[in-house]
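This report covers selected local features of one model. Please keep the sequence and the coordinates open while reading.

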Amino acid sequence: MTNRVQCFRFVRCFSVGCLLTILCAGDLVADEISFRRDVMPILFRAGCNAGTCHGSARGKDGFMLSLFGYDASGDYERVVNEIPGRRVNPAVPEQSLLLLKATGAVPHSGGKLFSKDSEYHQTLLQWIAAGAPDDTGDVPVTTSVVLSKERYLFKASRLEEAATVTAHASDGSSRDVTRLARYFSNNESVARIDVNGNITAVGPGDTHVFARFSRFTVGAEVIVLPENDNFAWPDPPKANYIDQLVFDRLQKLRIAPSELCDDATFLRRVTLDLAARTPTLEEFQAFTADNRPDKRAIRIDQLLADDAFTDYWTALWAEQLRIIGGNYAPDATDIKAADAFYSWIHKQIESGRPMNEFVAEMVDSSGSNLTNGPVNLYTMLVHKPQFDPKAFAADFSQVFLGVQIQCAECHNHPFDRWTQDDYYSFVSFFTGMKRKSGVEPRERRIYCDLSAPPARHIVDGRPMPAKVLGGINPVSAGGDPRTTLASWLTAPENELFSRNLANRIWAQLMGRGIIEPVDDVRASNPPVNGPLLDALSQRLVEVKFDLRSLVRDICNSRTYQLSAKPNDSNQRDTRQFSHAHLRRLRADVLMDSVVMVTGVDRRFNGFPEGTKAIEYYPREAGDTEGPHFGDPFFATFGRSSRGTVCACETKKEPTLSQTLHLAVGDTVRDRISANAHIARLLESKLPPDEIIEQLYIRTLCRRPTPFEQTALKELIGENVSDPQAYEDIFWSLLNSTEFVFNH
Amino acid sequence: MTTKRLTLHTKRTARCTMMLLLFFAIEANGDEKISVNYDDHIAPIFRKHCFQCHGESKQEAGLNLASFATSIKGGSGGEVLIPERSNGSRLFQAITAEDPAERMPPNNDPLPADDVAMIRKWIDTGLKENRGSAAVPARKMNFVPSAKAAVDGPAPLPENLPALPSIKLNRPFPVLAVAASPRGELAAIANYERIDFINTVTRTVIGSVPFPEGEPHVLRFNSSGTVLLAAGGRPVQHGSAVLYNVKMGSRLAEIGNETDAIMAADISPDEKFVAVGGSGRAIKVFSTSDGTLQQTLVKHTDWITAVAYSPDGKLLASADRVGNIHLWDATSGGVVLPLSEHKGAIKALAWRSDSQILASCGEDGLIVWWEISKGWPAISKPEAHPPVRPAGMYGKIANGVLDASFSTAGELVTCGRDGQIRIWSADGSPKASYSILGESTKLNQKRSVRIVPLRSVFANGDQQILAGDSAGQLHWQNVQ
């Protein structure tokens, strides 16, 4: 008879039916299709839950999935229960819209994703035919994903190799998920990877390819060698472990490093990097006259011991920690607080305090913003009238770990291991942070309210007790959780921390991080030279987080002292440190250098006379939220506005307005007419070529070439005592790219 | 076995009702103890946040909240407080508006949640002036059931419908639609590519008509029970509506040719029009005599999930997936009113037989009885079908109300994702509830396919409730 009658029988025999169904259901059996284990990966692989499709925050065309599947039970609801019988139709499984859409049988904005005879279709069909069941009990979750090789080396372009992907589950089982993973390459001009994991070498170079499955992104290095069998490794001398590791890598890639830079270039480079200014005439003369073989190392030590080094690194930390002084009391960022914080940092750097202790003290501090400098971590890192734990946790992790966990606020990090659980547990370290009024209007007392509840998970509202990133168990209750956080964060075992510091120091001196950008550490942005970063990080731990020791190592390496002039084999290299990077001077260093060269001071509003540009931080008559450059020169030359903690706030690109400002703005022009150097030189009756030489050394830290000498002498002609001609030469030197760049 | 199950149901229902009564009694007592009033509780809030602009010295918009009398009187725009209707009270809307530009107090943080709750309680408990005063009387609901269609005699039953070839289904088709004849012992049930007629007394299938168009999403009898409207189709392929002669099983009309299955449909009381809607976002009104498109009503911004003609034939109500309801003039197609209260997809619309009340329910867990003459909620029941929260589970649980349908006497039956069928008296108070999961609830929790009731209607002259679930099963319940 009709089906409905059968169905009626079913109703009548309801209890019996139930029992029968029970016998068929139960815990996960191997040949049963599980929503989480089998169906979700297909939705991921086919791209259904990608950000541009149904994984977007509001879904697509009325159907929403969680981005890359962070919310499996929500996805089950939406696929199966939201509109009964439509997306999945257990009565007539092949008529389920899920299948019709994916196979392109009906119009679909996302197009056809797989064919009717694919294994994906088969799996989905089988699941729907079984009634589209939800999972019961514990479904094994993926705990790690492994690519078949860590490194793929191609001897030539156009070669291919297939990668396979294995997923390991919490029940100890593992399976091949090559056909369920998604793939991408970081540089398609070096290597491509197709949907089935086949890698093709495209052109010489090195990059990483990645496979993504579940919430994991795993990468493998790909090296494609240049087709140059005649390559001979020049085997340059190695000053220390840094050279060993950089040269290992270069040799592997068949790239020869540039030559060692000359003494003048070295002196200018190291003075700009350690003292934040150009060298003086006297320094140049002394250094070039010095014949000791280790004079470079000696110079490095002298600069490290100089106050300027302390001033510079204080400025770098102050910028990173977003020190801005204001006078809007709820922000708790009064100028007095900013000064307290600034001078505290200065003291730490000056005394050579281990950087882990320096950070730990800030993290674990409480008290008055006006008198206890380090507590201003909680007022300055995020400028807001009320403490915002989520924003703070995100910035905290970006600054001290280089990790951007804020992605995990709304969904599991798409390209790293961080989950929403990690994020909200981490936020809970700061949910108790409060401010209360102090004894005077400008004062706020920062404290941790131990009774504050932890953050709640956004998907299901679950309270998430404080837990360190990547930790398994929450920190023990009772007491200020920040104490645990500080000791975990700055412990020698915490590689995230030491690698972050090492990478940032390296980037400061080399113009580029081993991980770049330095504050976007993630699985899909691996270091370009892993062993080098490991070694620097280990070294930092060995020297007890002493900043000067690591800086000394780097500056003494041949790698640091390489010329910027490329050779045939390394001219395409931009990331393996085979030659020095041309770096535009930071805005504040440029200003200090102009002052240094011209001998004419620059005043900064609200700061005493003689304050260097690097010692300046913005002071505002109001609140301190948002971007603040302070001095307009800094806006033009891209000094960090301190609007966010992002490393990208410091702009390194040259711009047209910078060129125009140096050419016709008051910074250079006024100083040339006001300075006394040229008059003094003319009075001393030196011959023109010596005056030219002095101007050259003063500005560019080198002697003019014979060609330059001849040409400039022609320019001066007969009027050897006309200041106008020398002023023009001085102006030209200050406007040259050679002056504006560190090379 | 059926009998045994029904007895169990009845016992359980009785027990549930008793427990419910007990529960409400307790809650009422609790209310009396707190007894929010203007003098003790509300004036301090108004003083702190409102008097500056709506007080003795200044009356913005003519509104003075500094005394009970002037507060009740309202401003130049009329009353701002309606007893027992916080959601309909202008004042409450103003302090809870999500848009900061609309919200009171202007250019300021919203009122503290406690204060808002206090004001809500004050309104909903009848706007008492002081500790001793009685509540301002709420509007009475003037409900007069309208007469049945003026047709005498028993409902026509299908006679000798030809047997249909059986369709092999993988498992029973979910009961997407159920309709009960307004005149007696007949119900129509949606099945895959067919519609089954059931004798509601014997509870057996007495015939089926084919629906080769696909899946019937909507079934509606006309007021005399002689014609059945079926609408549906195949997802993203085809949609149409069909009118059947109930007695003969013959097709009277085939209406519409949509590109997606029709999800909402109704036939006008004068049987001249069929209105349909679906993922196309427009409501199309077709002539039943020649199938021509008469009107296209455009206002909804998402899928149309329900349409319903008022029994007096004057209005057409339509609802969509983002929670908007629109009322249209059934003849001209002109816009009459928007009804905004729902925050999620609306699943059903039902008119009371006097055309004065429209009920709506949806995935936001809310049931609203709309007072059509005023355009505001006469009664609104949030969390009308609250599911039991499993131990250790946090966050939102799906608590949607999936269907709502009136009896001739004005009682409402609803079903929801909590697995319950609930009956609500004409005044909106809960009357009875029972679970379709019955004694199998415990077993069901272990099963990995959740069964939810999709449709619930009064049947057999309001003597029974007939519900259908997502596993293709029917559930009967006698009504006292």
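Two residues are in contact if their C-beta atoms, placed from the backbone, lie within 7 Å. By that rule Lys116(A) touches Thr103(A) and His121(A), leaving aside residues up to four places away in sequence. This is a predicted model, so local features need pLDDT of at least 70 and side-chain atom pairs count only at pLDDT 80 or more, while totals for chains, interfaces and linings use all residues. Residues are numbered from 1 along each chain as its sequence is written, and chains are lettered from A and ligands numbered from 1 in the order in which they are written.

**Chain A overall**

Helices (H or I, at least four residues) and strands (E, at least two) are DSSP runs, numbered from the N terminus. Chain A has 29 helices and 17 strands. Its C-alpha atoms fill a box of roughly 120 × 75 × 45 Å along the principal axes. A residue is buried if 20 or more other C-beta atoms lie within 10 Å of its own, exposed if 12 or fewer, and partly exposed in between; these C-beta atoms are placed from the backbone. Of the 743 residues in chain A, 46% are buried. Among contacts in chain A with a separation of 6 or more, 63% link residues 24 or more positions apart.

Domain bounds come from an automatic or database domain assignment. For chain A this gives domain 1 (31–129), domain 2 (142–224), domain 3 (241–305 + 495–581), domain 4 (322–489) and domain 5 (666–742). The C-alpha centres of domain 2 and domain 4 of chain A are 37 Å apart.

Lys116(A) sits in the loop between α5 (97–102) and α6 (119–129) of chain A. It is partly exposed, because 16 other C-beta atoms lie within 10 Å.

Helix α15 of chain A covers residues 389–400. The expected span of a helix is 1.5 Å times one less than its number of residues. The 12 residues of α15(A) should therefore span 16 Å, and the end C-alpha atoms are 16 Å apart, which agrees. The helix is mostly covered, with 10 of its 12 residues buried. Among them are Phe392(A), Phe396(A) and Phe400(A).

**Backbone exceptions**

Most residues other than glycine have a negative phi, and most peptide bonds are trans.

| Site | Feature | Value |
|---|---|---|
| Glu516(A) to Pro517(A) | cis peptide bond | omega near -5° |
| Met104(B) and Pro105(B) | cis peptide bond | omega about -10° |
| Glu84(B) | positive phi | about 65° |
| Glu383(B) | positive phi | near 45° |

Where do these sites lie? Pro517(A) is in the loop between α18 (495–510) and α19 (530–542) of chain A. Pro105(B) is in the loop between α4 (90–96) and α5 (113–124) of chain B. Glu84(B) is in the loop between α3 (68–73) and α4 of chain B. Glu383(B) is in the loop between β20 (376–381) and β21 (401–406) of chain B. Glu84(B) is partly exposed, with 18 other C-beta atoms within 10 Å. Glu383(B) also counts as partly exposed, with 14 C-beta neighbours inside 10 Å.

**Strands of chain B**

Two strands pair if DSSP finds at least two bridges between them. Strand β18 (residues 357–362) of chain B has 6 of its 6 residues buried, so the rest of the structure largely encloses it. Ile357(B), Ala359(B) and Cys361(B) point one way, and Leu358(B), Ser360(B) and Gly362(B) point the other way.

Strand β17 (residues 346–351) of chain B runs antiparallel to β18(B), joined by 5 bridges. Leu349(B) stands opposite Ser360(B). These two strands form a hairpin with 5 residues between them, and Ser355(B) in the turn has a positive phi of about 65°. On β19 (residues 367–371) of chain B, the pairing with β18(B) is also antiparallel, through 5 bridges. Here Cys361(B) stands opposite Ile367(B). The β18(B)–β19(B) hairpin has 4 residues between its strands, and Gly365(B) takes a positive phi near 80°.

Another set of 3 strands in chain B forms an open antiparallel sheet in the order β25-β26-β27. Its edge strands are β25 (453–459) and β27 (474–478), each pairing on one side only. Strand β26 (residues 464–469) of chain B is joined to β27(B) by 5 bridges. Across that pairing, Ile465(B) stands opposite Gln477(B).
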